[in-house]
Amino acid sequence: MAAETGAAEAQPKPPVDVPVIVLSGPSGSGKSTIVDRLVRESPVKLVKVISATTRPPRPTEKDGEDYYFLSPEEFERRRQAGEFLECAEVHGSGYWYGTLLSELRRAAEQGGWALPEIDVQGALRVMEVYPDALTIFLKTPSEEEYERRLRKRGTESDEAIQRRLQTARNELQYAHRYRYQVINDDLDRAVREIVDIISQWEEKAHA
Ligand code: 5GP
């Protein structure tokens with residue numbers, strides 16, 4: 001008998017069975033602060049996915065908490081071994097960043113939603129593998145405000161700041177691919193808005 005055709009093509013099963021929520025937006029947009037607040041205040045358990053990177057740690061960053069800081073050789077070895085859900089060289093810096101499948105497994109084991117903090121390139125890839133992911137794009141109120149926040153942080157050269165601004169401009173073009181867009185004009189307000197989005201999403205999932 002001929003194979004059945006015409007039906008919606010079956011999506012390949014995601015590599016790890018876990019709900020995924022993706023929050024992206026330019027670094028310096030207040031994303032990390034929001035993520036930390038969400039982990040504490042979300043109505044569902046969120047497990048922050050710790051990315052791997054070849055970027056050296058900033059003075060306050062800790063290995064295994066902010067990132068897994070890997071040498072370029074170790075990163076490449078894991079990439080070849082298929083250990084990443086996605087990975088990419090981010091904003092022309094020469095540094096690699098990636099989401100480890102082992103982190104998604106950790107979220108599943110802890111019974112939570114996996115929350116990777118990734119750039120747009122990575123998020124688009126995650127959307128392909130996890131079409132049911134809840135995706136949120138975090139915007140700064142204006143480019144001037146974004147630049148001000150980057151400078152206030154004081155960790156980067158002028159050239160690096162310009163590069164990030166350009167990346168942010170490029171990434172903004174993909175904001176419409178996310179299910180929701182949230183403006184980080186006021187931290188408490190933005191957190192509340194995202195908490196509401198998560199609650200509605202959770203209700204829909206169980207409806
Ligand atoms: P930063 O160096 O400021 O910590 O991060 C730089 C950029 O890398 C940010 O836009 C951040 O979202 C992105 N990034 C962090 N982790 C990952 C990851 O696992 N995959 C991808 N594709 N991007 C990431």
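So, is the crossing of α5 and α6 left-handed or right-handed? It's right-handed, meaning the near helix is turned clockwise from the far one by less than a right angle.

Quick caveat: this is a predicted model, where local features need pLDDT of at least 70, side-chain atom pairs count only at pLDDT 80 or more, and totals for chains, interfaces and linings use all residues. Residues are numbered from 1 along each chain as its sequence is written, and side-chain values use heavy atoms, with hydrogens and water left out.

Back to the helices, which are DSSP runs of H or I, at least four residues, numbered from the N terminus. α5 covers residues 143-153, α6 covers 158-172, and they pack at about 145° with axes 11 Å apart. Those axes are lines fitted to C-alpha atoms over the stretch in contact, with angles from 0 to 180 degrees between N-to-C directions. The contact (heavy atoms within 4.5 Å) includes Tyr146 and Leu150 of α5, plus Ile161 and Leu165 of α6.

Now the ligand. For polar contacts (N or O pairs within 3.5 Å), a polar side-chain atom of Ser51 sits 2.7 Å from a ligand oxygen, and the Arg58 side chain puts an N or O atom 2.9 Å from one.

Terms used: Helices (H or I, at least four residues) and strands (E, at least two) are DSSP runs, numbered from the N terminus. A polar contact is a pair of N or O atoms within 3.5 Å; within protein, one must be able to donate a hydrogen and the other to accept it, and residues adjacent in sequence count only if both atoms are side-chain atoms.
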